[in-house]
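User: I would like to go through the labels used for this model and see what each one rests on. Please set the value against the cut-off each time.

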Amino acid sequence: AGAILWSRQLLRRIEEPMHHYAKNEAIMKNRESKRIIRTYNQVAAALVAYEALWHQAWIQGVKQAKQGLRATLIVKDPKTHALLVNFDKDI
């Protein structure tokens, strides 16, 4: 969650100046502004991809945690019929 929050905050910080540039036609006509816009688009796309990557990793972690939560915590030994605690590290 921290990585996603960082990505979103950084994206917000770079979006604000871009909104100001977009409103000013004189700045947008400048040749240098096209390079700035291209760089902004690349950075924004990278941040969105970064967020998606972390989100996918989080989803996989939740799926693994669900499997562990479904595991039986107390099992019966088939030979001795003794009750044992399942100390599987994945639980």
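User: Is Glu 51 buried or exposed, and what relative accessible area is that based on?

Analyst: This is a predicted model. Glu 51 has a relative accessible area of 19%. Buried means under 20%, so Glu 51 is called buried.

User: What partner does the side chain of Glu 51 meet, and why is that called a salt bridge?

Analyst: The side chain of Glu 51 meets that of Arg 8, with N to O at 2.7 Å. The rule asks for a side-chain nitrogen of Lys or Arg within 4 Å of a carboxyl oxygen of Asp or Glu, so the pair of Arg 8 and Glu 51 qualifies. Arg 8 sits in helix H1 and Glu 51 in helix H3, 43 residues apart, so the pair links distant parts of the chain. Arg 8 has a relative accessible area of 44% and is partly exposed.

User: How many salt bridges are there by this rule?

Analyst: The count comes to two. Besides the pair above, Glu 32 and Arg 35 meet through their side chains at 2.2 Å, N to O. With the cut-off at 4 Å, this pair therefore counts too. Glu 32 and Arg 35 are three residues apart in helix H3, which means they are separated by about one helical turn. Glu 32 is partly exposed at 37%, and Arg 35 is partly exposed at 45%.

User: What makes Trp 6 and Tyr 50 an aromatic pair, and why is the pair called edge-to-face?

Analyst: The ring centres of Trp 6 and Tyr 50 are 5.6 Å apart and the planes stand at 75°. Centres within 6.5 Å make a pair and planes over 60 degrees apart make it edge-to-face, so both words apply. Trp 6 lies in helix H1 (residues 2–23) and Tyr 50 in helix H3 (residues 31–70), so the pair ties together parts 44 residues apart in sequence. By the same rule the count comes to two aromatic pairs, and Trp 6, Tyr 50 and Trp 54 form one aromatic cluster.

User: Why are Trp 6 and Tyr 50 called partly exposed?

Analyst: Trp 6 has 45% relative accessibility and Tyr 50 has 29%. Partly exposed lies between the 20% for buried and the 50% for exposed, so both residues fall in that class.

User: Which residues of H1 and H3 are buried, and what do they pack against?

Analyst: In H1 the buried residues are Ala 3, Ile 4, Ser 7, Leu 11 and Met 18, and they pack against H3. In H3 they are Ser 33, Tyr 40, Ala 44, Leu 47, Glu 51 and Gly 68. These residues of H3 pack against H1 and helix H2 (25–29).

User: Why is Phe 87 called exposed, and what patch is it part of?

Analyst: Phe 87 has 73% relative accessibility, and exposed means over 50%, so the label holds. Phe 87 is in the segment after strand E2 (83–85). With Leu 73, Ile 74, Leu 83 and Val 85, Phe 87 forms a nonpolar patch on the surface, with about 600 Å² of accessible area together.

User: What phi does His 81 have, and where is this residue placed?

Analyst: His 81 has a positive phi of about 60° although it is not a glycine. His 81 is in the loop between strand E1 (74–76) and E2. At 52% relative accessibility, His 81 is over the 50% cut-off and therefore counts as exposed.

Note on methods: Residues are numbered from 1 along each chain as its sequence is written. This is a predicted model: local features need pLDDT of at least 70, side-chain atom pairs count only at pLDDT 80 or more; totals for chains, interfaces and linings use all residues. Side-chain values use heavy atoms; hydrogens and water are left out. Rings of Phe, Tyr and Trp (its six-membered ring) pair if their centres lie within 6.5 Å; planes under 30 degrees apart count as stacked, over 60 as edge-to-face and the rest as tilted. Helices (H or I, at least four residues) and strands (E, at least two) are DSSP runs, numbered from the N terminus. Buried means under 20% relative accessible area, exposed over 50%, partly exposed in between (1.4 Å probe, protein chains only). Patches are made of residues with over 30% relative accessible area and no salt bridge: like charges are joined within 9 Å, nonpolar side chains (Val, Leu, Ile, Met, Phe, Trp, Tyr) within 5 Å. Accessible areas come from the Shrake-Rupley method with a 1.4 Å probe; for residues, only the protein chains shown count as cover. Contact means heavy atoms within 4.5 Å.
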